[in-house]
Amino acid sequence: MRPQGGYLITGGGDPLTGEYNLLEQRLLFASGGRVLFLVTEEVRELAQAWREVYARVLGAKATGLVVVKSREVALDRVLARRVAEARLVWLASRAPHALLDRLRDTPLLKALAAVVAAGGHLGAFGETSAALGATAPLPEGERTAFAYGLALLPGVVAFPGFERPGSFEALAQATAAQPDLTGVGLPRGSALGVDLEGNARVLQGRVTRLGASTSQVHHHSIRGLVADLLAAGERFKLPVYRPGA
């Protein structure tokens, strides 16, 4: 039987902070001790440090690094085939807008989906987690901007850094504007795992789930919004959309 793969989205942190080390170690073991970091240019040096943490602290057998410097990198089919063979990939970027533009509709994006379809895991650190959903709430100074996400989790609006002021209002508005999606607020230190069937489990910390299927928007008010604060171990279902379904 093929192993069950999945996605992991986080509220913040990275291997240097140690906030997710237990989760990372468990995923690393399930992936045969091999990990690949896929990042944008400004995170390159940091990702090299992560590789050291994985090798010296978490016991990785092999670590790899792919830097998506341009859209041409994401269009490289040879690279995409290599990435598709990975069993554990972590995404990270301090420029999520750039990452979205470079990955959207490319062989590399299809390769990331193939990792999970083959039983592997794809995780994202902090603000990069937003890019995995259908709509991506991205920090832009003191405000939040919204962009089309990569739709690897097509039924989700994921909001990392949910402890920031104004986050609840921003996620509520985004969810109410797209009531067929589920809003997920992830404060720093929280983590959520999602499999291909939309089965979600809070792996660490607490996350906020927002549903707007029965909500009504009137002027600046949103009524009928359903909000749940879910602790580690809680399970719930997320919408799953497939082509032709």
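Helix axes are treated here as lines fitted to C-alpha atoms over the stretch in contact, with angles running from 0 to 180 degrees between N-to-C directions. The structure is a predicted model, in which local features need pLDDT of at least 70 and side-chain atom pairs count only at pLDDT 80 or more, while totals for chains, interfaces and linings use all residues. Residues are numbered from 1 along each chain as its sequence is written, and side-chain values use heavy atoms, leaving out hydrogens and water.

The chain holds seven helices and 16 strands, taken as DSSP runs (helices H or I, at least four residues; strands E, at least two) numbered from the N terminus. Its C-alpha trace spans about 55 × 40 × 35 Å along the principal axes. Of the 245 residues, 51% count as buried, meaning under 20% relative accessible area with a 1.4 Å probe and protein chains only. Among contacts (heavy atoms within 4.5 Å) with a separation of 6 or more, 69% come from residues 24 or more positions apart.

The axes of α4 (residues 77-84) and α6 (residues 107-117) come within 8 Å and cross at roughly 10°. That makes α4 roughly parallel to α6, a label given to angles under 35 degrees. Helix α4 contributes R77, A80, V83 and A84 to the contact, and α6 contributes P107, L108, A111, L112, A114 and V115. By class, nine of these residues are nonpolar, none is polar and one is charged, where Ala, Val, Leu, Ile, Met, Phe, Trp, Tyr, Cys and Pro count as nonpolar, Asp, Glu, Lys and Arg as charged, and the others, Gly among them, as polar.

Definitions and conventions: Angles under 35 degrees count as roughly parallel, over 145 as roughly antiparallel, 65 to 115 as roughly perpendicular and the rest as oblique. Buried means under 20% relative accessible area, exposed over 50%, partly exposed in between (1.4 Å probe, protein chains only).
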